[in-house]
Amino acid sequence: MSILPERTRIYQNHHFDSTRWDYFEPRDDDIIVATSYKAGTTWTQAIVAHLLFPEGNFPAAPAEMSPWLDMRIMPLEVILNRLTAQKHRRFIKTHLPLDGMLYNEKFKYLYIARDAKDVFMSLWNHYTGMKDEFFMLMNLLPGRQGDEFPRPPDDIHTFWRNWMTRGGFGWEADGWPYWSHLSNVQSWWNFRHLPNIQLFHYSDMLENTEREVRRMAAFLEIDVSESSWAGIIKAVSFTEMKRQGELYVPGGGHFWKGGANTFLHKGTNGRWRDILSKEEMALYDATCKRVLSHECREWLENGGMI
């Protein structure tokens with residue numbers, strides 16, 4: 001393994017294009033918020049926004065302030081111009097594995113992971129809640145590489161089998177029709193020792209939100225007055241974020257049936273226990289053994305500060 005991360009793969013599909021980072025003009029204090037998907041991305045963006053603006057006086061909605069740069073929908077020039085115009089410390093979202101992501105030793109990378117079974121349940125709600133126009137946009141927008149983004153199956157168990165046994169890219173073992181959650185986590189785990197990459201776990205964030213938000217602030221070297229903490233923690237609670245969902249959800253939730261309430265669904269773990277059978281868990285076990293190191297799997301399933 002290299003001493004520092006290297007971009008060794010290009011990720012292009014119906015959703016994203018990793019080459020868009022080639023045009024990004026970095027600043028030394030940039031923050032990258034990274035996940036595979038459905039692992040706390042929007043939550044973490046909200047946390048960073050409130051750390052940077054403790055009074056909540058955002059210059060724009062957090063989802064607009066923190067664009068998903070590798071996503072194909074928004075014209076690249078628009079995103080880059082908006083980022084260039086920002087005077088505050090920037091925080092940019094990515095869903096790329098580290099082997100497809102721009103690495104800069106001066107950036108701070110926040111990587112949020114979540115147990116694959118919990119990601120799956122959240123992804124099922126996300127996928128089945130999409131409006132037809134989202135599928136049309138993904139598939140008809142010029143520049144799409146590879147297969148079309150398919151409609152979800154009628155049955156959650158069919159989705160699980162596909163997601164656990166088919167790769168989103170030729171070199172992946174799982175994730176279809178998106179991309180591999182497991183490979184994504186492993187790619188970041190491999191470089192957790194670097195001082196500018198910090199891994200956080202969704203379960204830890206649920207269990208003690210204030211502790212984890214304070215850890216994020218310390219890692220990002222953001223000084224927050226003690227008098228501001230109560231307001232920040234309340235603002236980033238699930239209840240409060242759901243109440244102001246259109247402020248935090250990409251596009252205000254326009255592409256989902258039910259809007260932001262569908263995007264910010266439950267924010268809980270463990271729902272898979274009543275859904276997945278022993279046979280389906282065997283598929284999961286086999287895929288984990290192919291993709292994850294023992295230590296990475298242990299952490300992904302159980303959390304714990306690194």
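Y127 and F159 are both buried. Buried means under 20% relative accessible area, exposed means over 50%, and partly exposed lies in between (1.4 Å probe, protein chains only). This is a predicted model, in which local features need pLDDT of at least 70, side-chain atom pairs count only at pLDDT 80 or more, and totals for chains, interfaces and linings use all residues. Residues are numbered from 1 along each chain as its sequence is written, and side-chain values use heavy atoms, with hydrogens and water left out.

Stay with the rings. The structure holds 31 aromatic pairs. Rings of Phe, Tyr and Trp (its six-membered ring) pair if their centres lie within 6.5 Å; planes under 30 degrees apart count as stacked, over 60 as edge-to-face and the rest as tilted. The ring centres of Y127 and F159 are 5.3 Å apart and the planes stand at 55°, so this pair is tilted. Y127 belongs to helix α4 (residues 116–128) and F159 to helix α6 (residues 156–165), so the pair links distant parts of the chain, 32 residues apart. Helices (H or I, at least four residues) and strands (E, at least two) are DSSP runs, numbered from the N terminus.

Now look at F169 and W171. Their ring centres are 5.3 Å apart and their planes are at 15°, so this pair is stacked. F169 is buried, at 10% relative accessible area. W171 is partly exposed, at 37%.

Charges can also meet rings. A charge sits over a ring if NZ of Lys or CZ of Arg is within 6 Å of the ring centre and within 35 degrees of the ring normal. R114 lies over the face of Y202, 3.9 Å from the ring centre. The charged end of R166 sits over the ring of W176, at 3.7 Å from its centre.

Next comes the sheet. Four strands form an open sheet in the order β2-β1-β3-β4, and the pairing is parallel. Two strands pair if DSSP finds at least two bridges between them. The edge strands are β2 and β4 (197–201), and each pairs on one side only. Neighbouring strands are turned by 20° against each other on average, direction ignored. Axes are lines fitted to C-alpha atoms, for helices over the stretch in contact, and angles run from 0 to 180 degrees between N-to-C directions.

Follow β1 along its two neighbours. Four bridges join β1 to β2 in the parallel sense. There, I32 stands opposite I92 in β2. Four bridges also join β1 to β3, and these two run parallel. V33 stands opposite L110 in β3, and A34 stands opposite Y111 in β3. Which way do the side chains of I31, V33, I32 and A34 point from β1? I31 and V33 point one way, I32 and A34 the other way, and all are buried. Helix α7 (residues 181–189) lies across β1, β3 and β4, and runs at about 140° to β3. Contact means heavy atoms within 4.5 Å.

Salt bridges come last. A salt bridge is a side-chain nitrogen of Lys or Arg within 4 Å of a carboxyl oxygen of Asp or Glu. The whole structure holds 15 salt bridges. One of them joins D99 to R9, with the closest N and O atoms 3.6 Å apart. D99 lies in the loop between β2 (91–94) and β3 (108–113), and R9 in the segment before β1 (31–34), so the pair ties together parts that are 90 residues apart in sequence. R9 is partly exposed, with a relative accessible area of 34%.

R90 and D30 form another salt bridge, 2.8 Å from N to O. R90 lies in the loop between α3 (76–85) and β2, and D30 in the segment before β1, so this pair ties together parts that are 60 residues apart in sequence. Are R90 and D30 buried or exposed? Both are buried.

E221 and K108 also meet in a salt bridge, 3.4 Å from N to O. E221 is in the loop between α9 (209–220) and α10 (229–235), K108 is in strand β3, and the two are 113 residues apart. E221 is exposed, with a relative accessible area of 60%. K108 is buried, at 15%. Finally, salt bridges that share partners join E207, R211, E212 and R215 into one network.
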